[in-house]
Amino acid sequence: METVTLTIKKAPTLYLEAEATTPDALAGKSLDQIRALPVYMGNEEFTLGEFFEIAGAPGATAADTRVVVKGDVSRVKYLGMKMSAGELVIESNADMYVGAWMTGGTITAKGNVDSFAGTGMKGGELTIMGNAGNYIGSAYRGDWRGMQGGRIRVKGNVGSDTGYFMNGGEIVIEGNADVHVGTHAEGGKIVIKGNAKSRLGGQMVEGTIVLLGTVDVMMPGFKYVRDEEIEVDGEKMTLSLYVGDLGERHRKRKGEPIYGKLYLRPVKAGEDAAAREARLARAREAKKARFAPPEGSASA
Amino acid sequence: MAKTVTDVICPFCGTLCDDLEVQVSDDGTKILEVYNACAIGAEKFLHSQAKDRITRPRMQQEDGSYKEVSYDDAIEYTAQMLANAKKPLMYGWSSTSCEAQSVGHEIAETVGGVVDNTATVCHGSSLIAIQDVGIPSCTLGEIKNRADVVVFWGCNPSHAHPRHLSRYSIFPRGFFTGKGHKGRKMIVVDPRNTDTMKMADIGLQLEQGRDYELLSALRVAFRGEDLPDVVAGISKERIFEAAEVLKNARFGVIFFGMGVTQTLGKNHNIDEAIMVTKDLNEFTKFSIIAMRGHYNVTGSGAVLGWQFGFPFATDLSRGFARYNPGETTSNDLLRRDEVDAVFVLGSDPGAHFPISSVRKIARLPSVAVDPHITPTTEISKLHVPVAFVGVEVGGCCYRMDNGPSESRKVVEPPEGMMTDAEFLSRVRDRVGELKGKAPVGSPSTAQVQGA
């Protein structure tokens, strides 16, 4: 596998749209051809060479090409968009749409990524070592097909709307997730190893969510079925299965509706009420802290 | 002596009342009295008569003082600012006519900017939900004539749309609703005990930010499944009771406002509310309507939809329309420093946006076009006052139920003042010259001015 290194040499004044950084776009091109590829800032077009130092050589095909992006690309969007093969390594933080609509290959983002990573993803592997923003593995606006295949792994935390309209593939979040995980999901699997907030699996039709941490507020439309032993990210464990969302439409097989599955740690009796009390207490504390006068300020 | 102009459209809120009567002086230059309007609507008409009204563009100086400039200079400044920007944000549009909006959008297309309207901090989340799951809706007239169960969810029309209850939703006697409010059941869902809540037959005061859970619980109840004892701070008995009332309506409607569109979950709350409406249509006839704020924010969405296919937050910077709230919405663009000039017309982001965004506007080259002095005009480099649409110039406006009305001119604007459409047409022509391209098929300034 051949490697091309793109090192950012000047920060864009606004931001940069650089979809031409995938192995697909670079494969089989000379360095001069690569330098001439377009990037965009607002309504102006620039070349890749104006913003990036380009070294190495691409392979003949995308599958033979490894692209390494170095320097601070936290204002560069569309890295690895629509990539179909090969490898992309992002050494620092990246902006929106990392690996959006990707169909194959692997992306490793060593820092944080902003929102819309893995939007409409169909295949391949996307690994994010830091935190990710909102709408990871979701559908693009108005689309009813979110992530359809492939795997996303986030080592840190994620924002809201993970797996919105998801209908295939797998997302593993090792940290915490914000609200609305798997909303409108019709398939696929989401594993959250940390904690989740409310609206977990809201409007879920089919698919699986596994939560190993706590959830702030459960959706009312999930009912407990039984405890099951399942494999989570290579580890066997016994979890409680809830099905839902009972308020949502569900297709039937042999007369039985097929529900979305939500696996939670088994709860002991009375724990629910205690969790609710703890949450309310936390909220009261947070509110108090927010309205407390800043330290050292004179009371006017 | 005075003459009375009848059937005047009120250019304040999305209710777009069309029964106002305005008394004007014989020479048609002064408004003397406004009848039938609510306090806010009447004030909008009367405020146009203010003695201290700004009638010429003014440029903010280094020391914060203002210098009066001519409209020609203002047009040149605006055109240069827009033509030289890499990504100008053109925000507002909700308090002007559809005609002016369409000209503004042409400018945005020519300069490669972003067009966003006030829905971005208002009902934009409703528009996202509508795109995701559709909307079963109707007109306000149908509600007046048919609705016997009316739900207000996260909105307070007693204050925000003062004549909504009396003209359309609760009090009027319609064709099939001869008993007026006595024949209607009013359900209000709100975390606060608002003045609308105080009028309700069933008031559900829910835990703040738990609308999604309550809507979901209603859907579970419609399907005859069991619920937890308490959802969103409301007992399951009350939820089942409310579900029965909704199911047994002859014709029901849900009105919803900022309480659900801009609290936790945003578009998901509306998404779920639309699905509640859809589910209810298995039992009876139900509709859902957004309580749109500005009188022509609906029109702005309609015009943007007609021209570019998206209702707000449309990014034209690369020559084709892109739309992704979260990226192309005004506050996200400002927060992320993605725009380098701001043009505001027919809105007041200085008052409505978070202060962090307002600070960003203040640091950028900026033009505000507004008849009033507002927080936005105060932080903008150039303030261009224009004639009041719906008072001093007519134009097409859309009511909250997507019905267009033609607003009326009732009085002459102060001598020499431009309208939104005239100013925008001149800017468009100048921007076209600067960018070396004349917009195809667009009427010239002379045609718009009727010269």
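1. Lys266(B) is found in the loop between helix H11 (258-261) and helix H12 (267-280) of chain B. The phi of Lys266(B) is near 45°, a positive value in a residue other than glycine. Most residues other than glycine have a negative phi. Lys266(B) counts as buried because 22 C-beta neighbours lie inside 10 Å, and the cut-off for a buried residue is 20 or more.

2. The model is predicted. For the complex, the predictor gives an ipTM of 0.89 and a pTM of 0.92. Chain B has a mean pLDDT of 94, and 96% of its residues reach 70 or more.

3. A second residue of chain B with a positive phi is Trp93(B), at about 70°, although Trp93(B) is not a glycine. Its place is the loop between strand S6 (88-92) and helix H3 (98-111) of chain B. Is Trp93(B) buried or exposed? Trp93(B) is buried, with 31 other C-beta atoms within 10 Å.

4. In chain A, the peptide bond between Gly244(A) and Asp245(A) is cis, with omega about -15°. Most peptide bonds are trans. Asp245(A) belongs to the loop between strand S16 (235-244) and strand S17 (252-253) of chain A.

5. As for its overall form, chain B has 19 helices and 21 strands. Its radius of gyration is 23 Å, close to the 22 Å that the globule rule gives for 451 residues, so chain B is as compact as a globular protein of that length. The C-alpha trace of chain B spans about 65 × 55 × 45 Å along its principal axes. Of the 451 residues in chain B, 54% are buried. Among contacts in chain B with a separation of 6 or more, 68% are between residues 24 or more positions apart.

6. Helix H16 (residues 355-363) of chain B has Ser357(B), Lys360(B) and Ile361(B) as its buried residues. They cover an arc of only 100° around the axis, which puts them on the same side of H16(B). An α-helix has 3.6 residues a turn, so residues three or four places apart point the same way. The exposed residues Ile355(B), Ser356(B), Arg359(B) and Arg363(B) are on the other side of H16(B). Packing against the buried residues of H16(B) are helix H14 (330-335), strand S17 (341-345), helix H15 (349-352), strand S18 (366-369) and helix H17 (375-379) of chain B.

7. Between the chains, 26 residues of chain A are in contact with 31 residues of chain B. The side of chain A that touches chain B has 11 nonpolar, 11 polar and 4 charged residues.

Notes: Residues numbered from 1 in each chain as written. Chains lettered and ligands numbered in written order. Predicted model: local features only at pLDDT ≥ 70, side-chain atom pairs only at ≥ 80, totals over all residues. Helix = DSSP H or I, 4+ residues; strand = E, 2+ residues; numbered from the N terminus. Rg over C-alpha atoms; globule rule 2.2 N^0.38 Å. Buried ≥ 20, exposed ≤ 12 C-beta atoms within 10 Å, placed from the backbone. Contact = placed C-beta atoms within 7 Å. Nonpolar A, V, L, I, M, F, W, Y, C, P; charged D, E, K, R; others polar. Arc of directions from axis to C-beta. pLDDT = per-residue confidence, 0-100.
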